[in-house]
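Work through the following exercises with the model open beside you, and try each task before you read its solution.

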Amino acid sequence: MTSRPARTPTARPSPAQPREAPTPPGPAAAPAQRRHARATRARILDAARRELARDPDSRLEDIAGAAGVARRTVYVHFAGRAALVEGLAAEAADAIRRAVAGTPVETSDAATDLARFVLTVWPVGDRYRTLIRLARGQDLAPVRVDELLAPARDLVTRVLAHGRRQGVFQTTVPPAPLTRAIEAQLLGLLDCVNRGLWSDDGTGAATAALIAAGVAPDTAATKVAHARKTGSPSGPV
């Protein structure tokens with residue numbers, strides 16, 4: 001009888017080692033991640049501002065492409081188009097508040113004060129003028145636009161009231177409604193820039209605002225020139 005060869009015992013595989021969970025980023029990495037997130041958000045908003053100025057009906061895909069990010073990255077920062085437009089509005093509101101905070105009120109020359117403020121705020125309006133078109137298309141509620149402009153409106157009303165006491169602004173229209181009229185004029189001029197009908201660095205707009213407030217054209221031009229010479233931002237705020 002032939003004996004069978006002895007069977008070599010087969011080694012059993014050792015149980016798989018459990019995978020270690022990825023180590024969460026340490027405290028040192030958190031600030032870098034936040035900076036990266038802020039930079040990405042700012043890049044998306046900047047792209048949105050440019051694309052919506054080019055075409056108010058731009059899609060999120062267009063904006064993502066212009067920002068150099070994936071569409072899903074846009075959704076990480078903004079829930080949708082409405083949230084993106086609100087992000088632009090919030091940026092504009094912050095820029096307007098900073099312009100107001102940097103403008104002196106009730107100096108000895110209210111006309112120059114008004115000219116200086118328009119020169120200061122015009123680059124902000126020029127940067128975010130696409131919001132005018134978006135408000136017209138109801139992407140931005142009129143009440144939100146009113147909120148954005150409130151700090152500037154309050155400051156201009158104070159300047160007009162002060163100038164009226166100085167006898168600088170020769171007009172029968174009270175400061176509050178006159179402020180609304182000048183606001184509408186400036187928004188109209190920005191819309192003309194949107195439509196390619198006008199281009200201005202703020203000089204023409206400031207001069208027009210002073211004339212609307214009752215300052216003689218020659219005096220208005222002189223006041224604006226003085227305001228620009230004595231200090232006003234030369235670029236976007």
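**Exercise 1. Find which residues lie nearest the centre of the largest pocket, and describe its lining.**

Solution. In this predicted model, begin with the lining of the largest pocket, which consists of 26 residues, and pick out Ile-96, Gly-125, Leu-149, Leu-187 and Leu-190 as those nearest its centre. Next, ask which elements give two or more residues to this lining; they are helix 4, helix 5 (110–127), helix 6 (130–136), helix 7 and helix 8 (175–194). Then sort the lining by class, which gives 21 nonpolar, two polar and three charged residues. Finally, note that the space in this pocket comes to about 510 Å³.

**Exercise 2. Decide how helix 4 and helix 7 are oriented to each other, and say which residues meet.**

Solution. Two packed helices are described by the angle between their axes and by the distance between those axes. For helix 4 (residues 81–101) and helix 7 (residues 142–166), the angle is about 5° and the axes are 9 Å apart. Because angles under 35 degrees count as roughly parallel, helix 4 is roughly parallel to helix 7. Now look at the contact itself, where Glu-86, Ala-89, Ala-90, Ala-93, Ile-96, Arg-97 and Val-100 of helix 4 meet Arg-144, Leu-148, Leu-149, Pro-151, Ala-152 and Leu-155 of helix 7. Sorted by class, the residues of this contact are 10 nonpolar and three charged, with no polar ones.

**Exercise 3. Classify the aromatic pair formed by the rings of Trp-122 and Trp-198.**

Solution. A pair of aromatic rings is described by the distance of the centres and the angle of the planes. The count in this model is one aromatic pair. The ring centres of Trp-122 and Trp-198 are 6.1 Å apart and their planes stand at 80°, so the pair is edge-to-face, since plane angles over 60 degrees count as such.

**Exercise 4. Determine the volume of the largest cavity and which residues line it.**

Solution. The count comes to one cavity of 30 Å³ or more, and the volume of the largest cavity is about 30 Å³. Its lining is made up of Leu-160, Arg-164, Phe-169, Thr-171, Val-173, Pro-174, Pro-175 and Leu-178, and the elements that give two or more residues to it are helix 7 and helix 8. By class, this lining divides into six nonpolar residues, one polar and one charged.

Terms used
Residues are numbered from 1 along each chain as its sequence is written. This is a predicted model: local features need pLDDT of at least 70, side-chain atom pairs count only at pLDDT 80 or more; totals for chains, interfaces and linings use all residues. Side-chain values use heavy atoms; hydrogens and water are left out. Axes are lines fitted to C-alpha atoms, for helices over the stretch in contact, and angles run from 0 to 180 degrees between N-to-C directions. Helices (H or I, at least four residues) and strands (E, at least two) are DSSP runs, numbered from the N terminus. Angles under 35 degrees count as roughly parallel, over 145 as roughly antiparallel, 65 to 115 as roughly perpendicular and the rest as oblique. Contact means heavy atoms within 4.5 Å. Ala, Val, Leu, Ile, Met, Phe, Trp, Tyr, Cys and Pro count as nonpolar, Asp, Glu, Lys and Arg as charged, and the others, Gly among them, as polar. On a 1 Å grid over the protein atoms alone, a cavity is a set of points where a 1.4 Å probe fits but cannot get out, and a pocket is an open set with protein on both sides within 12 Å along at least five of seven lines; lining residues have an atom within 4 Å of a point. Grid points are joined across faces, edges and corners, and a volume is the space filled by probe spheres set on the points. Rings of Phe, Tyr and Trp (its six-membered ring) pair if their centres lie within 6.5 Å; planes under 30 degrees apart count as stacked, over 60 as edge-to-face and the rest as tilted.
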